[in-house]
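Please consult it alongside the sequence and the structure shown below.

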Amino acid sequence: MATTTMAKALNAALADAMADDERVLVFGEDAGQLGGVFRITDGLQARFGDTRCFDTPLAEAGIVGFAVGLAMSGLRPVVEMQFDAFAYPAFEQIASHVAKLRNRTRGALSVPIVIRVPYAGGIGGVEHHCDSSEAYYAHTPGLKVITPATVGDAYSLLREAIADPDPVVFMEPKKLYFSSAEASLPARTEPFGRAVVRRPGRDATLVAYGPAVPVALEAAEAAREEGWDLEVVDVRTIVPFDDATVAASVRRTGRCVVVQEAQGFAGVGAEIAARVQERCFHALHAPVLRVSGLDIPYPAPMLEHTHLPGVDRVLDAVARLQWDDQPDPRWLAEGSAA
Amino acid sequence: MTTTPQAVRRASPRTRPAATTPDPAHGLLPAGEPVRLLDPTGTPLPAHPDYPEPPAEALSELYRRMVIGRRFDIQATALTKQGRLAVYPSSRGQEACQVGGVLALRDTDWVFPTYRESMALVSRGIDPVEVLTLLRGDWHCGYDPAARRTAPQCTPLATQCVHAAGLAYGEAHQGRDTVALAFIGDGATSEGDFHEGINFAAVFKAPVVYFVQNNRYAISVPLSRQTAAPSLAHKGVGYGVPSEQVDGNDPIAVLAVLTRAVAHARAGNGPFLVEAHTYRMEPHTNADDATRYRDGAEVDAWRDRDPVTRLETYLRDRGVLDGPTAAAVAEEAEAYAADLRARMNTQPAVDPLSLFDHVYASPTPQLVEQREQVRAELAAARDEDGDA
């Protein structure tokens, strides 16, 4: 088995999909000659020609709307939004057309397009380059929202996204692009709609996705020293969400912390925490806690470490899971103040 | 005075001989005046050098569809007043554009309509009950867009301009000579997606005709608040796209200009922009009060330029249309309206559980759960009704 990076796995997935299906077109800003600013489309134009992999005008609504029209003509567009926050001009096309066209036409038209979004921080990016925008898409019915955290998933989930009959917003954690792992490509991992237990444990479940998965795994490793045996569940596919795997894990462990890099308020982690308590209330020994980024605009490179949820913040949350069966004293204080 | 390089550069344009290279905008700018083949009374103007008159059979069909289209529009407005439609945006007064737009196309071409194109869609042969499905309060677009090669009527302004570019490029990419025609109004030309759509179409040489019906108002906002351009057609030059203005109440000119624009696109020359100067005789929708923003004299002046009367006068004068034929067309239009009235007289059956169909190709587990919940709610409601 060879060592490869997530960036190379994504590139291989695009190349293999283009080789297998001539309807697949790959385009975006700098996606052609340059191979993308993260080189995810590297070499595709040289191999498949500039009618299958090409640069576009710098206009994200145009890129996504163009993909809608291409899909209507029977093609399979895969578009690149250069950075998370650069995708916002495309939001009207995504929310009003990409997500709804199948529904509005009773299935007569579908939009099998993939919108690749390099997202989240931890790379020292300047402003507007590090947003975690997954909640906007996950809140929009009609979209599938996928985020890999491993090299194998990067390949397999992207291949599945391109083959999927529905539009997929494919969120790529930038800080994991150049993380390497042993993987034999073409890899096939669990399909859409399935969360995966990355690390089994008995005492509490950490539920994480995308860039937060390595943080959760590292925290679980560190927790051994504290005497906690933590399970880590990788969500992988935010929509469709795998309630069954997450709930089964929490029922086994009786405790749950949801970890996400995004700001917390009204985020995906809030949804997961709510779903867990709705399904696992009687199995829980402590409230479901969330560990997230702060509710602030994504900070400058010199301050981003303050924002990003790290191992310590996760372990602090784990420590508050009422191990001695006493309620968290902070909630008692809040209650008496009220 | 010392001669710095800067000074030399500044001086050079004055000393350089007159430019001999052609103006790169040559051939892109529209004529200063809208193309017109009939005067407002229906009297033919001298032959136009670029726009020959379409054949008589095409003009007879144009007339027939305009008469039916107008009768449809009147019927739809009446159905709204009777509560059969939730809302109806009329295009009365724009018959030449609505019908001319689709008559210039082949059945294999694609239309990208806005919500004001109901008349165009029935003119394309789509069942009027299907066309009005959304407006009567149902959740889907009514017709099969793939089979009719007509996108769902687009409410978010100008977004369809980009879809048309993608569709047209995709068709060409797959070796088909399809043309896409995107309808758009004057107000929507201010939206970013108009710019992005026409720019993408131009850069990728996509065969699209962008057809702006400039009816002077975006609900209440006049054209002067949309643009400072000499005309909306002039916007084409900024994208390298040729354009033309046309008298949108001259049906013959509209059909002639659009026929040429479609041929331009189909021949592989990229997109073409047409601006038709016309007027919406009715309010924006039944919910609008147009007297708050335009006066009766202005409306009356446009009534005198009525496109249906104008074409009928011309065709009668030319001997293409006679009394019995005109009567037969009127009778066909009445029958069309009567049939529509009868079929719209009952509320459509809607199944709440169908809300979960087609959100995804296959429902997510969460949607399966919600569907079951709604099914149980409906069953409980039926039981309560049964008990009462």
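**Contact between chains A and B**

The contact draws on 36 residues of chain A and 34 residues of chain B. The model discussed throughout is a predicted one.

- On the side of chain A that touches chain B, the elements contributing two or more residues are helix 3 (60-72), helix 4 (91-98) and helix 5 (101-104) of chain A.
- Helix 3 of chain A supplies the largest share of that side, with 9 residues.
- Sorted by class, the side of chain A that touches chain B holds 16 nonpolar, 14 polar and 6 charged residues.

**Overall build of chain B**

- Chain B contains 13 helices and 7 strands.
- Along the principal axes, the C-alpha atoms of chain B fill a box of roughly 105 × 60 × 50 Å.
- Chain B has 388 residues, of which 46% count as buried.
- Among the contacts in chain B with a separation of 6 or more, 77% join residues 24 or more positions apart.
- Two domains are assigned in chain B: domain 1 spans 56-343 and domain 2 spans 352-387.
- The centres of domain 1 and domain 2 of chain B, taken over C-alpha atoms, are separated by 39 Å.

**An open sheet in chain A**

- In chain A, 5 strands make up an open sheet with mixed pairing, in the order 9-11-10-13-14.
- Strand 9 (196-199) and strand 14 (289-293) of chain A are the edge strands, each pairing on one side only.
- On average, and with direction ignored, neighbouring strands of this sheet are turned by 25 degrees against each other.
- Within chain A, strand 10 (residues 204-208) and strand 11 (residues 230-234) pair in the parallel sense over 5 bridges.
- The bridge partner of A:Leu206 is A:Val232, which lies in strand 11 of chain A.
- In general, the strands of a sheet pair through backbone hydrogen bonds, in either a parallel or an antiparallel manner.

- A:Val78 belongs to strand 4 (residues 76-80) of chain A.
- A:Val78 counts as buried because 27 other C-beta atoms lie within 10 Å, where the cut-off for a buried residue is 20 or more.
- Leaving aside residues up to four places away in sequence, A:Val78 touches A:Leu14, A:Val24, A:Val26, A:Val114, A:Arg116 and A:Ile162.
- A:Val64 is 14 residues from A:Val78 in sequence, and their C-alpha atoms are 9.4 Å apart in space.

Technical notes
Residues numbered from 1 in each chain as written. Chains lettered and ligands numbered in written order. Predicted model: local features only at pLDDT ≥ 70, side-chain atom pairs only at ≥ 80, totals over all residues. Contact = placed C-beta atoms within 7 Å. Helix = DSSP H or I, 4+ residues; strand = E, 2+ residues; numbered from the N terminus. Nonpolar A, V, L, I, M, F, W, Y, C, P; charged D, E, K, R; others polar. Buried ≥ 20, exposed ≤ 12 C-beta atoms within 10 Å, placed from the backbone. Domains from an automatic or database assignment. Pairing = 2+ DSSP bridges. Axes fitted to C-alpha atoms, helices over the stretch in contact; angles between N-to-C directions.
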